[in-house]
Amino acid sequence: MTLPTTKSISKQAKNDILELNQKINDFKQGTIPEERFKAFRLTRGVYGQRQLGVQMVRVKIPFGRMTAEQLVRMADLSEKYTNGNLHTTTRQNIQLHYVKVDDSPALWEELEEVGITLREACGNTVRNITGSAYAGIDPDEPFDISPYAHSMFEYFLRNPICQDMGRKIKSAFSSSEKDSAYTYFHDFGFIPRIKNGEKGFKVVIGGGLGAQAFIAHTVYEFLPANRIIPFKEAALRIFDRYGEREKRLKARMKFLLDEKRGIGVEKFLELTEQEMQGLASQTIEIDTHGLGEAPPAEFIAESPAHIEDQQEYHLWLKTNVFQQKQSDFYAVNIKLELGNIKAPEARALADVVLEYAADDIRVTVNQGLVLRHIRPENLSHLYVALKALGLADTGFNTIADITACPGTDTCNLGVTNSTGVAQQLEAVIRKEYPHLLTESDINIKISGCMNSCGQHMAANIGFHGSSIKHGALVIPALQVVLGGGLDAEGKGFIAEKVIKLPTKRIPQALRLL
């Protein structure tokens, strides 16, 4: 699915960038208050960072799909405007840290040249539309959800109905009933199904993590594909009309759908169906061919590459590689420690992709990357190339592949150094429990606070930042949660809070577990 270079920036994007630049100048001159400027810049992907004077810029990557060219552009910009690091997130975005607010319009303009936007990456908007990273190659999928996710992204981008809502909206498309996109904790979730030869989706709404986690409600077992966008538009209108506006902590859709604190699911659905009758379009057809498909690389190796450590290579094949639904090709998962990749490695990876894979890279929900359409003859050569870049770590999506948000490294809300804890725990597993390095039924996720950016409430073993009072002292701590995640059939579970422990005791807690 190659996205062609956009040499000319759209008129809408130009206006966005000029407006951001003007608002920055207005704020510096004192003509708009800080809170108003904050709300504006957030909806343009510019997020305040823990360190004074710099921002985190969130790059919106719909359903995690990017090309080699786009990866190179982000790598170049990370060196030009930031600290040279690209950070992948659990919502399939890429974040650039330590950006000066004055540089954000220029950074955005250079991203738009290759078809990437910052618009509505943060703030009370429809956030990035996420999707299974294996869409299009998943052996279990009834059909590829990628064009549906892309169409939904395009439809709501700059859409007037979702520019000033009470709270943010998060949406996800799974590729199959196994729910690898975690639709069960999203405001809107779509799982593909075929009924009597017609494509459609199971639809769930009102899920969420955070301090109070909710499992999404199923509102349609099957909704025809041409009705999913009108349904979502109508539902957003009802959310905007009836949702909480004053109390921010109670403003998410999950509370509106709660029977005690809101109007309940039945009433919400009734109002939504009434609202749909007044929309300009009752159905919206989705072009399933508009994205195209990136072909595999032409190179075919004549003989296997020389690999010294065959045991490690076979472990990589076992934990990081799988056969696609296209039986002649394989997909390769790349484990990124803490979701970070430096600019030089990112540029080199882009070259590797063009040589051995299709020009279609996907960001995964566990902060990794997926390369697709790799010929079996090229696997050993790809491994050698990734190994040279430090990108061939084994254990993708296993107990040793720990998800962690940036925490106190950069986030204003973080109360725990979640990245440091993640590194300690992975070291414990690799050193003391090497026999678990292929264990993919247990996942560990860490958030720097209760807001769950690391999705700890969807983890088998989860932790979130907290504190414990001991007399006059306040001790850094982590809340331990257990039992979240997905079962083999794709049923979602919210973790249960178990115990709060001082941070220094967490490695021992993991050993006991």
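Among contacts in the chain (heavy atoms within 4.5 Å) between residues at least 6 apart in sequence, 68% join residues at least 24 apart. The model is predicted, with local features requiring pLDDT of at least 70 and side-chain atom pairs counting only at pLDDT 80 or more, whereas totals for chains, interfaces and linings use all residues. Residues are numbered from 1 along each chain as its sequence is written, and side-chain values use heavy atoms, leaving out hydrogens and water.

Buried residues (under 20% relative accessible area, 1.4 Å probe, protein chains only) make up 58% of the chain. Its secondary structure comes to 13 helices and 22 strands, these being DSSP runs of H or I with at least four residues and of E with at least two, numbered from the N terminus.

A nonpolar core is a set of buried Ala, Val, Leu, Ile, Met, Phe, Trp, Tyr and Cys residues joined through side-chain atoms within 4.5 Å. Two such cores are tabulated here.

| Core | Size | Residues include |
|---|---|---|
| Largest | 55 residues | Met 66, Met 74, Leu 349, Leu 371, Leu 386 |
| Second, separate | 46 residues | Val 126, Phe 156, Ile 169, Phe 173 |

Leaving aside neighbours within four places in sequence, Leu 386 is in contact with residues including Trp 316, Val 332, Leu 349 and Leu 391.

Terms used: Buried means under 20% relative accessible area, exposed over 50%, partly exposed in between (1.4 Å probe, protein chains only).
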